[in-house]
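Student: I would like to learn how to read a fold from its atoms. Please take me through one case, feature by feature.

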Amino acid sequence: MKTRMLGVAAMMATAATLVGCSTGQVLSADSGPGVLTVGSGQSPDSRVLAEIYAAVLRGTGSPVDTRLGLSEGEDLAALDSGAVDVLPEYMGGLLLRLQPGATAVEPDDVFEELNRSLPQGLSVSDYAVAEQPGSGDAGAAGSSAAAANVVPLIRSGALTPEQVKALNVVAGELTTDELAEMGDAVRRGELEPGRAADDWLAAR
C-alpha cells in the first residue's frame, strides 16, 4: 500500500462542513466552466463512493456535480469525452476491462499493472483500504481474482495536487465494512447515496 497523506482529521472536517451539499441527483453532462463532475457506476456502493469523492472535492473549494448510474462502457466514454472528471473504480475489475489477460492478483501488483494499462489521458491516485463489497467472500465471483480495492480513476489534468490529496485521504480512511454497510442501506432505500456519504464524513 502506498504511504497515506497526513492531516486526515483536518481534511475530513473541511469536507464535513459541506453536509447537505451533495444531492445524489443525476445531472446533465453540461457542467459549467470550472465545475468538476464525479461519475459513478450503477451499484449502490459506487454511487456512495462518488458522493464521498464529490464532498471531499467540494472541501477543496471547487464546485462539484455528480453524474450517477453510468453503465459499463458509458463510464469510460464519459471520462474520455470530459463529461466526467473522476470515477470510483475497483482495481481488479478495471484492470481486466483494460487488459483481459492480466494475471496480477496482489494489490500492489494490480496497481502497478493498472498504471501501465491505462489509456492516455487517464490516471489513478492511491488505492483504498476498502475493497468491493463481497469480493473476498468464499465462493463469490472474483473472490480468487485480482485485488478489488477502491481506486479513483481520474481524467488527467482535471484535479489539482490538493484535490488528489483529498481523494488519498479517503483511500486511507474508508473500510470495506463501512462501504458495504452504506451500500446496503442505499439498496434497502434507507438512505440516499449523498446522505450516506455525508454521515460517513461527519463521523470522521
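**A buried alanine and its surroundings**

Tutor: Ala147 counts as buried, because its relative accessibility is 9% and buried means under 20% relative accessible area, exposed over 50%, partly exposed in between (1.4 Å probe, protein chains only). This is a predicted model: local features need pLDDT of at least 70, side-chain atom pairs count only at pLDDT 80 or more, and totals for chains, interfaces and linings use all residues. Residues are numbered from 1 along each chain as its sequence is written, and side-chain values use heavy atoms, with hydrogens and water left out.

Student: Where does Ala147 lie, and what is Ala147 in contact with beyond its neighbours within four places in sequence?

Tutor: Contact means heavy atoms within 4.5 Å. Ala147 lies in the loop between E4 and E5. Leaving aside neighbours within four places in sequence, Ala147 touches Met91, Gly92, Val105, Glu106, Pro107 and Val110. Asp108 is 39 residues from Ala147 in sequence, yet 8.8 Å away in space, C-alpha to C-alpha.

Student: How many helices and strands are in the chain?

Tutor: Helices (H or I, at least four residues) and strands (E, at least two) are DSSP runs, numbered from the N terminus. Here there are eight helices and five strands. Along the sequence they follow α-β-α-β-α-β-α-α-β-β-α-α-α. Of the 204 residues, 48% count as buried. Take contacts with a separation of 6 or more: residues 24 or more positions apart account for 72% of them.

Student: Which residues of H5 are buried?

Tutor: They are Val110, Phe111, Glu113, Leu114 and Ser117. Their cover includes H4, E4 and E5.

Student: How is a pair of aromatic rings described?

Tutor: By the distance of the centres and the angle of the planes. Rings of Phe, Tyr and Trp (its six-membered ring) pair if their centres lie within 6.5 Å; planes under 30 degrees apart count as stacked, over 60 as edge-to-face and the rest as tilted. A search of the whole structure finds one aromatic pair. The ring centres of Phe111 and Tyr127 are 5.4 Å apart and the planes are at 55°, so this pair is tilted. The pair links distant parts of the chain, 16 residues apart: Phe111 is in helix H5 (residues 107–117), and Tyr127 is in the loop between strand E4 (122–124) and strand E5 (150–155).

Student: Is Tyr127 buried or exposed?

Tutor: Tyr127 is buried, with a relative accessible area of 2%. Phe111 counts as buried at 10%.

Student: Which residues line the largest cavity?

Tutor: On a 1 Å grid over the protein atoms alone, a cavity is a set of points where a 1.4 Å probe fits but cannot get out, and a pocket is an open set with protein on both sides within 12 Å along at least five of seven lines; lining residues have an atom within 4 Å of a point. Grid points are joined across faces, edges and corners, and a volume is the space filled by probe spheres set on the points. The largest cavity has a volume of about 50 Å³. Its lining is Tyr53, Asp126, Tyr127, Ala128, Val150, Pro152, Leu167, Val170, Ala171 and Leu174. H6 supplies the largest share, three residues.

Student: What is the volume of the largest pocket?

Tutor: About 330 Å³. Of its 18 lining residues, Glu72, Glu89, Tyr90, Arg97 and Gln132 are the closest to its centre. E3 gives the most to this lining, with four residues.
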